[in-house]
Each structure stands twice: as structure tokens, then as C-alpha cells.
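Please look through the structure shown below.

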Amino acid sequence: MKLSRRRFMQGLSATASSSVLPLSVFAQNQTQNKLRVPALYAGEIQAGSHHYSLQLQVGTSQFLGGLTTPTLGINGSFLGPTLRLKNGSDVAISVLNQLNEPSTIHWHGLHVPAKVDGGPALIIEPGATWEPAFTVRQKAGTFWYHSHLLNKTGEQVYKGLAGMIIIDDEESENLEIPSTYGVDDIPLIVQDRRFNEDGSFRYVGMHRDVMTGVFGDRILVNGTTSALFTPSTNKVRFRILNAANARTFNFALADGREFSLIASDGGFLEKPVRLRNIVIAPAERAEIVVDFSDGNPVDLISLPLDASSPFSPTGMMRNMLSMNTESFTILNIEPESMLQRSAALPDQLTSIRRMQAGEATRIRRFELSMPMGMGRGGGRGRGGMGGEFLINGKPMAMDEINEVVPIGSTEIWEIHNDSMMMHPFHIHHGQFQILDRDGVPPSAEEMGFKDTVKVGPGQTVRFIMRFENFSDPDTAYMYHCHILEHEDNGMMGQFTVL
Ligand code: C2O
Ligand code: CU
Ligand code: CU
């Protein structure tokens with residue numbers, strides 16, 4: 001386990017350019033820090049609805065020894081509280097923007113009206129308060145909220161404007177699975193960051209940062225570096241959220257032990273799926289249950305994404321995501337000596353009706369492309385840094401609605417990736433089911449509801465989705481690549497439901 005950390009840092013020394021932190025700082029920062037767990041926020045009941053009050057604020061954080069990092073946070077200096085919601089309940093949120101720049105807050109994965117979805121049109125000016133209200137209408141699962149400001153999502157999320165959302169429902173409350181937040185039900189908001197010598201985050205610096213998305217050389221889990229978690233029960237459920245701007249992780253336990261995947265983006269899988277590793281792209285979530293009954297320390301690590309993975313970059317981009325060729329530690333885990341007994345996982349978690357391709361009334365096709373270094377310069381100041389990022393040949397334009405979807409319809413969206421790297425394609429408004437990837441139905445781990453899907457280089461992924469509720473001709477939902485530098489540079493489109 002220590003070895004993997006050392007190897008990660010050796011990898012760094014080989015690739016780090018002179019302007020990033022020298023290796024010695026990493027060496028000084030080897031002490032483990034107790035994993036922070038974001039505060040759980042269940043809201044205050046006001047007039048029959050659950051009221052949440054959020055403040056976007058400027059702050060500082062200490063990630064690296066004595067150095068101070070300017071950060072952004074929600075009700076704190078970095079990241080935000082975990083919002084706990086219940087299916088069927090009415091929710092009213094007030095979001096006060098105390099930053100000195102505009103922002104927006106989007107509820108990723110939530111099925112809510114476009115007007116309260118928090119997309120790039122729903123700007124909260126500095127000093128202003130935005131007050132979305134909605135009814136929770138979906139099954140239990142792990143979701144998140146984050147800035148979605150046009151062209152600035154990457155920068156604001158990088159600095160800290162993100163948090164987790166947990167939705168419960170009657171089904172989840174009746175399942176015998178680990179569910180005590182902070183004890184055996186643990187949020188893991190996983191991010192990578194890189195720093196300047198003065199401790200500040202080092203965001204986009206060069207062409208390549210836009211092309212591949214920004215990769216960091218330090219791992220933060222819930223804002224904790226070199227995080228250590230100490231299980232007190234023999235089973236622990238980790239709610240993994242990949243909140244990195246660009247990095248895809250290949251999660252595994254360092255000793256190769258199996259774990260059970262119980263939920264994906266949109267909630268529970270029908271049955272737990274036994275796995276030894278799981279690839280999670282930016283914005284995807286996975287709930288896994290790990291057994292620590294043997295009492296042995298075992299780190300949660302990220303394995304390399306080797307060249308044989310369908311999600312690895314190809315062609316001239318193959319060498320550009322070099323950081324994903326290393327194993328490195330995400331979370332140090334050292335179980336307590338006496339562990340409380342957990343119940344065996346149930347065989348059945350929920351039931352999911354698989355939608356059939358024949359139910360769809362329409363197929364829409366989307367082509368993701370990134371003509372690189374062509375000097376086309378793109379409109380609106382884009383393109384200069386890393387080429388253009390296009391969907392169906394166009395960059396995102398605020399004044400253009402790209403698709404109009406009839407309310408109540410079922411559609412197949414066919415996403416083709418015409419570039420040399422994987423793009424995690426995300427759609428607002430609801431959850432979909434993956435039909436196939438290059439004609440092959442997904443394996444069990446991708447059989448649940450999803451809102452973000454990995455589309456490897458050259459691949460075609462088809463998903464099916466019902467566009468229920470919330471007709472609105474004026475406010476659009478987004479679909480986009482969730483590598484935030486791609487989204488910010490044009491790989492996004494808009495649709496309305498009417
Ligand atoms: Cu996670 Cu359009 O968002
Ligand atoms: Cu979203
Ligand atoms: Cu992308």
C-alpha cells in the first residue's frame with residue numbers, strides 16, 4: 001500500500017514540470033489525515049417543506065502542510081454539506097451567492113423542472129439569492145450539486161463548488177444495508193488537484209489542460225489529502241462520487257478483494273454485483289459495500305487504465321493521459337480491532353423494468369468531436385487553447401436550443417465518439433438505461449439507471465430515456481461531456497421538453 005503511494009509520486013517526478021510543487025513537498029506531506037465527512041444536512045421543516053439554506057462563499061483551506069489554498073465552498077470553505085432528501089417530499093432551497101463572481105448551482109441527476117435545474121441560464125449574481133423549490137420524484141440514490149456557470153464550471157468546481165446529495169425512499173429505508181451516515185455509510189467525493197508553490201490550486205495552464213481536461217497529482221477525498229478511514233463495522237458502504245474535472249478512476253482494493261456494487265448513478269441495481277474493480281468517469285457515482293471482517297488494513301486504490309481498456313485514449317492522445325498509467329492510493333483504510341457485525345447484504349435490492357428499444361418513438365444521434373489544434377479558433381473566445389469541442393459539429397451556444405423533445409415520449413439517444421479519448425456524456429432531466437455499446441448490451445454493473453455514460457474513443461453508445469413531466473418552452477436542459485474543460489469549451493448542447 002505504501003508502495004503504491006511511492007510509485008505514484010515517482011510517476012509525478014517524471015512528469016511534473018518545473019512550475020509545479022517540487023517532490024520534496026510531497027515527501028513532507030506523508031502523514032495521514034483522518035477522512036473528513038461532510039456535514040449531513042436534512043433541512044429545516046418550514047410550512048410543510050424541507051428548507052435548505054446554502055451560501056456560496058470564499059474561503060481558504062489547508063491541504064498541504066502549512067500552505068494555504070484559496071478555495072470556494074458552500075456553507076464552508078471547500079465543498080458543501082451532504083443534502084439528504086426524501087422521495088415525495090417538497091424541497092425549498094435558498095442559495096445565497098457571497099462570491100464576488102456569478103455562479104449557478106445544478107442538482108446533478110435530479111428529475112426537476114428546467115427552471116430550478118440550475119443550468120447555465122440560471123445565474124445567481126453576487127449578493128443575490130436563488131430560491132428553487134421542487135418535489136423529489138425519484139428513487140433513492142447518490143447524486144450531487146455543483147456550479148454550472150457557462151465557460152466557468154471547471155474553474156468553480158475545481159475551487160470547491162460541489163457537494164453530495166443523498167435521496168432516501170421507503171425502499172432504501174427498509175433494506176438491511178449499511179446506512180448510518182459517517183459510520184458505515186460513507187461519502188467519498190474523489191477529486192484530483194495540483195498546486196502552485198504558494199499552495200494555491202493550479203488550474204488551466206496550457207493547451208493540453210484543455211485538451212485532456214485538467215489532471216492533478218494529489219488526491220483529495222472529501223477535501224482530505226492522504227485520507228485515512230477507520231471502519232468500525234465489518235461492512236462499509238462507500239458512496240463514491242467522481243467529482244474530478246477530468247480524471248477517470250479505476251477503483252479497486254489494494255489486495256484485490258471483491259466488493260459488492262449496489263447502486264449506480266440513478267439508484268440501486270436489482271442485485272448486488274460482485275466486482276474487483278470499477279471504472280468511474282467524472283460525474284458518475286457508484287455505491288459499493290466492502291467487507292473488512294478480516295480486520296486487515298487495505299487501501300482503496302486506483303488501478304491503471306491500460307491500453308486495452310475501451311476507455312483509454314487512442315492514437316496521438318495515447319501518451320497524454322499518462323497519469324492514468326499509475327496505481328495510486330485514494331483512501332487509506334485501517335479497520336478498528338473490534339468490528340461491529342453487519343447484516344449480510346440482501347439478494348434483491350430493488351426491481352428495475354428494463355425499457356425495450358421498441359418503446360422508443362425516435363432516435364436522436366449525437367457526434368462528439370474535438371478537432372485538435374486546427375487553429376479554427378471557435379467563436380466566443382473558445383478554441384484557442386485546445387482546439388474545438390463539438391456536438392454534431394457545433395459548440396454550445398446560449399441562444400440556440402438544439403433539440404426539442406416531446407413531453408412523455410421515450411427516445412433513444414445514440415452517442416458516437418469521433419475523437420481519440422473517452423467522453424462521459426451526461427444529460428439533465430432524468431435517468432436513462434444503457435441499451436448497448438457498439439451493439440453489445442452492458443454488463444450487470446451498467447444495468448441500473450444512469451445519467452452519465454462513458455463513451456470510449458470510436459464507440460457508439462445507445463441509451464433509452466423517458467422524458468416525463470415539466471414542459472417548459474423557455475428554459476432548457478443541458479447535455480454535455482462531463483470533463484469540465486470540454487464542457488466549458490463547447491461540448492454541450494441544450495434541449496427543451498414540451
Ligand atoms: Cu453535473 Cu450538467 O452537470
Ligand atoms: Cu447534471
Ligand atoms: Cu469530453
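**Pocket, sheets and copper sites**

The largest pocket holds about 390 Å³ of space. A pocket here is an open set of points on a 1 Å grid over the protein atoms alone, with protein on both sides within 12 Å along at least five of seven lines, and its lining residues have an atom within 4 Å of a point. The volume is the space filled by probe spheres set on the points, with grid points joined across faces, edges and corners. Among the 24 residues that line the largest pocket, Phe 311, Arg 437, Glu 445, Glu 446 and Lys 454 are the closest to its centre.

This is a predicted model, in which local features need pLDDT of at least 70 and side-chain atom pairs count only at pLDDT 80 or more, while totals for chains, interfaces and linings use all residues. Residues are numbered from 1 along each chain as its sequence is written, chains are lettered from A and ligands numbered from 1 in the order in which they are written, and side-chain values use heavy atoms, leaving out hydrogens and water.

By class, the pocket lining has 12 nonpolar, 5 polar and 7 charged residues. Nonpolar covers Ala, Val, Leu, Ile, Met, Phe, Trp, Tyr, Cys and Pro, charged covers Asp, Glu, Lys and Arg, and the others, Gly among them, count as polar. Domain 1 (5-29 + 175-333) and domain 3 (357-497) each give at least three residues to the lining of the largest pocket; the domain bounds come from an automatic or database domain assignment. Strands E19 (259-264), E21 (277-280) and E22 (285-291) each supply at least two lining residues. Strands (E, at least two residues) are DSSP runs, numbered from the N terminus. The largest share of the lining, 4 residues, comes from E21.

E21 also belongs to an open sheet of 6 strands, in the order E1-E16-E24-E23-E18-E21, with mixed pairing. Two strands pair if DSSP finds at least two bridges between them. Strand E1 (33-34) and E21 are at the edges with a single partner strand each, so one side of each has no neighbour in the sheet. Further in, strand E16 (residues 227-229) and strand E24 (residues 328-333) pair in the parallel sense over 2 bridges, and Phe 229 stands opposite Ile 333 in E24.

The partner of E21 is E18, and these two pair in the antiparallel sense over 4 bridges. Phe 249 stands opposite Ile 280 in E21. E18 is joined to strand E23 (residues 300-302) by 3 bridges, again antiparallel, with Ala 252 facing its bridge partner Ile 301 in E23. In strand E18 (residues 249-253), 5 of the 5 residues are buried, so the strand is largely enclosed by the rest of the structure. Buried means under 20% relative accessible area, exposed over 50%, and partly exposed in between, with a 1.4 Å probe and protein chains only. Phe 249, Phe 251 and Leu 253 on one side of E18, and Asn 250 and Ala 252 on the other, are all buried.

Strand E11 (residues 141-146) has 6 of its 6 residues buried, so E11 too is largely enclosed by the rest of the structure. E11 pairs with strand E8 (residues 106-108) in the antiparallel sense over 3 bridges, where His 108 stands opposite Trp 144. On strand E12 (residues 162-168), 6 bridges join it to E11, and the two run antiparallel.

Which residues coordinate the copper ion (ligand 2)? His 106 (NE2) and His 426 (NE2) do, at 1.9 to 2.0 Å. Donors are N, O and S atoms within 2.8 Å of the metal (3.2 Å for Na, K and Ca), and sites may look incomplete because water is not among the atoms. His 106 lies in E8 and His 426 in strand E29, so the pair ties together parts that are 320 residues apart in sequence. Both His 106 and His 426 are buried.

Another copper ion (ligand 3) is coordinated by His 423 (ND1), Cys 481 (SG) and His 486 (ND1), at 2.0 to 2.1 Å. The donor residues of this ion are spaced H-x57-C-x4-H in sequence. His 423 lies in strand E29 (residues 423-427) and Cys 481 in strand E33 (residues 472-481), so this pair ties together parts that are 58 residues apart in sequence. His 423 is buried, at a relative accessible area of 0%, and Cys 481 is buried at 1%.

Notes
1 Å grid on protein atoms, 1.4 Å probe; cavity = no way out; pocket = protein on both sides within 12 Å on 5 of 7 lines; lining within 4 Å.
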